[in-house]
Amino acid sequence: MNDRDDRVAAGSAAGFVASLGVYSRQHRAQNWSGTLEDFLRDILPRSPRAIARTSHEYLWDMLAWHGRQDLRGESGPDALFRRELYGIDSALGRVVDYFKAAAAGSDVGRRLLLLLGPPSGGKSTMAILLKRGLEEYSRTDEGAVYALQGSPMHESPLNIVPPTLRADFREAYGVEVQGEPSPWARDRLEREFEGDYLRMPVERVFLAESLRVGVGTYAPHDPTTADIADLVGSVDLSKVAQFGDEGDPRAWSWTGAVYAASRGVLEMIEILKVKREFLYLLLTLTQEKNVKVSRFPLIHLDETIVAHTNLAEFHKFLQEKENEALLDRMVIVKVPYTLSYPEEGRIYAKLVAAALAFRDVHLDPHALRIAAVFAVLTRLVKPEREGLDLGKKARIFAGESVEGFADAEVDRLRLEAPDEGLTGVSPRFVINAISNAITRSDTRSLTSMEVLLALKDSIEHDARMDAKVKKAWIDHLVLARKEFYNRWVKEDVHRALFASFEAEAQELLDKYLDEVEAALDQREVKDPITGESRPADERFLRSVEDKIKVSESGKLTFRQEIVRKAMVAYKTGEKFTLKSHARLREAIEQYLFEERRDVLRLVTSSARPDDDAQRKISAVQQRLIEEYGYDEHSAKEALSYVTTLLAQE
């Protein structure tokens, strides 16, 4: 490591220490304990509404808090999710809407939230983020939670306010008491404190899954052996002998998942695999806020249940008529794979950054992006609309301009195929394929073509896939290479070859603007070389526009759009540049590329280049490395690949 690297590392370390200090100050929690009398006098008056919150209200406030506090520049109530989940904004919006409506007191709060989607699509991550978000929020002043000390349900101290005094409580503090004391609380109040409510001990609690406080998780076992006691507990026979009665709350094992999740959230993994009696218990808990166990009256529990399942289990569940009533008591949110390949690429970048196997491996600038294109192609429904193919559809979903299709086309395409994204390749499949390629590589460098070959190998050796699906997915690999990678790598090599590319391209753009304005105004232009006036060079204009397939009938609309954007830039004091219009930039670049094709072929294809050609090749490779994200291995491969492409044209 050189001196500069040492300084950068030291700066990063100092920055992290500073960030950790800020985080610590923001999240330094104040422990508190006292009697109910102390609580009613010293704590409750500060923020009665916050202390009386339901679990849905607490979750909604937590989401809003994270939207305000996010250090990554995200904002809004979905900021917590957007830290880790990319390209599924619509699904995230529906989840946020669920919590917003539930917190507002609507009937949505009496429904179980079910996340439905394909494997590795983000359902579990969404639930994990909710749980971690709750843990963090509970350590802030704004998210403080208070409970009866020692309660296995961490129940609110307000629950023990007697029913006959609740109207007075509302008058005094302005909030409603919505819960009931548990058998455990009633027993302790009478047995230890002789019914003296004010002596009942209260403490501040911090939600934590590891401590089974306010955060619970249930994963189904084999349905034949699963025991509902995992949810609601059971009689502890060792304590029955001690206390002499199975109905004594002290003889009950309060270890069930629903008690751990009280005041917070319960994650139900693969919920539709559980027995029907489990489902009825959970849905009753969601709707009525209570559970019934033997020997006890109804036990009040306030918690939010977030469940998730895969498509196969859901379709099986739908086929059973008796499940219709259960479905009516769920809010189902589909969580599909993303259909935007740039967002899919962000998922891979996150997974790669977290994996030790990738730590010292160089990936060329398009390696993850081309894998993302392939993944999206497998998820798309083949369009029936004339002039639209899978490649164009993938570009539209990525937010790219496609001739003949407006920006609003995305919404119409989603309506035409509402289940798009629920099938196809998973991010896990792609990352596994790339990992396999790395383990087989001796170079510690992976090119886009090597990624495509690794994916092809994984498809061919996947025993779960039938021949028809394998052929379709390999066809998608070919499409990704031809329509996406070929264009990207040729652009890189072309730009690297010509050091004056930007200036040359801008000159060409200015010429195009001059010719377009003359053509639209039906006036002549002055030739810069001969000084003579001449009509607009229609041949030149069409040669540029043809590069992005602007039709003869569409040229007028395209030109008017260019001039309009140029005028807007001029009025705001800005220069109309290559960055001002993505499609025109593409056209200009391809025009220059065509003009320089022969030079590029000559430089890169010589088997034994002379000194001049060798210098040019070395310069191109070096520029690819320094400016475009390649390393020595991938730069050589890119040049070799582009040479092959040019030889075929």
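Which residues of helix H6 are buried?

Modeller: First, the ground rules. This is a predicted model, in which local features need pLDDT of at least 70 and side-chain atom pairs count only at pLDDT 80 or more, while totals for chains, interfaces and linings use all residues. Residues are numbered from 1 along each chain as its sequence is written, and side-chain values use heavy atoms, with hydrogens and water left out.

Now the helix. H6 covers residues 89–103. Helices (H or I, at least four residues) and strands (E, at least two) are DSSP runs, numbered from the N terminus. The buried residues in H6 are Ala91, Leu92, Val95, Val96, Tyr98, Phe99, Ala102 and Ala103. They sit on the same side of H6, because they cover an arc of only 145° around the axis. That arc is taken from the directions from the helix axis to the C-beta atoms. Buried means under 20% relative accessible area, exposed means over 50%, and partly exposed lies in between (1.4 Å probe, protein chains only). In general, an α-helix has 3.6 residues a turn, so residues three or four places apart point the same way. The length of H6 fits too. Its 15 residues reach 21 Å from the first C-alpha to the last, close to the 21 Å expected at 1.5 Å a residue. The expected span is 1.5 Å times one less than the number of residues.

Next, strand E2. E2 (residues 112–116) is mostly covered, with five of its five residues buried. Leu112, Leu114 and Leu116 point one way from E2. Leu113 and Leu115 point the other way. In a regular strand, side chains alternate between the two faces of the sheet.

E2 has parallel partners. It pairs with strand E12 (residues 330–334) over five bridges. Leu114 has Ile332 as its bridge partner in E12. E2 also pairs in the parallel sense with strand E11 (residues 304–309), over four bridges. Two strands count as paired if DSSP finds at least two bridges between them.

Now a helix with a residue on show. Phe16 belongs to helix H1 (residues 3–27). Phe16 counts as exposed because its relative accessibility is 54%. With Val17 and Leu20, Phe16 makes a nonpolar surface patch of about 310 Å². Patches are made of residues with over 30% relative accessible area and no salt bridge; like charges are joined within 9 Å, and nonpolar side chains (Val, Leu, Ile, Met, Phe, Trp, Tyr) within 5 Å. Accessible areas come from the Shrake-Rupley method with a 1.4 Å probe, and for residues only the protein chains shown count as cover.

Ile396 counts as buried because its relative accessibility is 6%. Its C-alpha is 7.6 Å from that of Glu409, 13 residues away along the chain.

Now the charges. The structure holds 52 salt bridges. A salt bridge is a side-chain nitrogen of Lys or Arg within 4 Å of a carboxyl oxygen of Asp or Glu. Asp61 and Arg53 form one of them, at 2.9 Å from N to O. Both Asp61 and Arg53 are buried.

In helix H9, Arg191 and Asp187 are four residues apart, about one turn. Their side chains meet in a salt bridge, again listed at 2.9 Å, N to O. Arg191 is partly exposed at 37%. Asp187 counts as buried at 18%.

Glu515 and Lys511 are also bridged, with the closest N and O atoms 3.5 Å apart. They are separated by about one helical turn, because they lie four residues apart in helix H23 (residues 501–521). Glu515 is buried at 3% relative accessibility, and Lys511 is partly exposed at 31%. Elsewhere, a network of salt bridges links Glu538, Arg542, Glu545, Asp546, Glu552, Lys555 and Arg559.

Last, two backbone points. Glu194 has phi near 50°, a positive value in a residue other than glycine. Its loop runs between helix H9 (183–193) and strand E4 (201–205). Glu194 is exposed, at 69% relative accessible area. Arg212, not a glycine either, has a positive phi of about 60°. Arg212 sits in the loop between E4 and strand E5 (215–218). At 40% relative accessibility, Arg212 counts as partly exposed.
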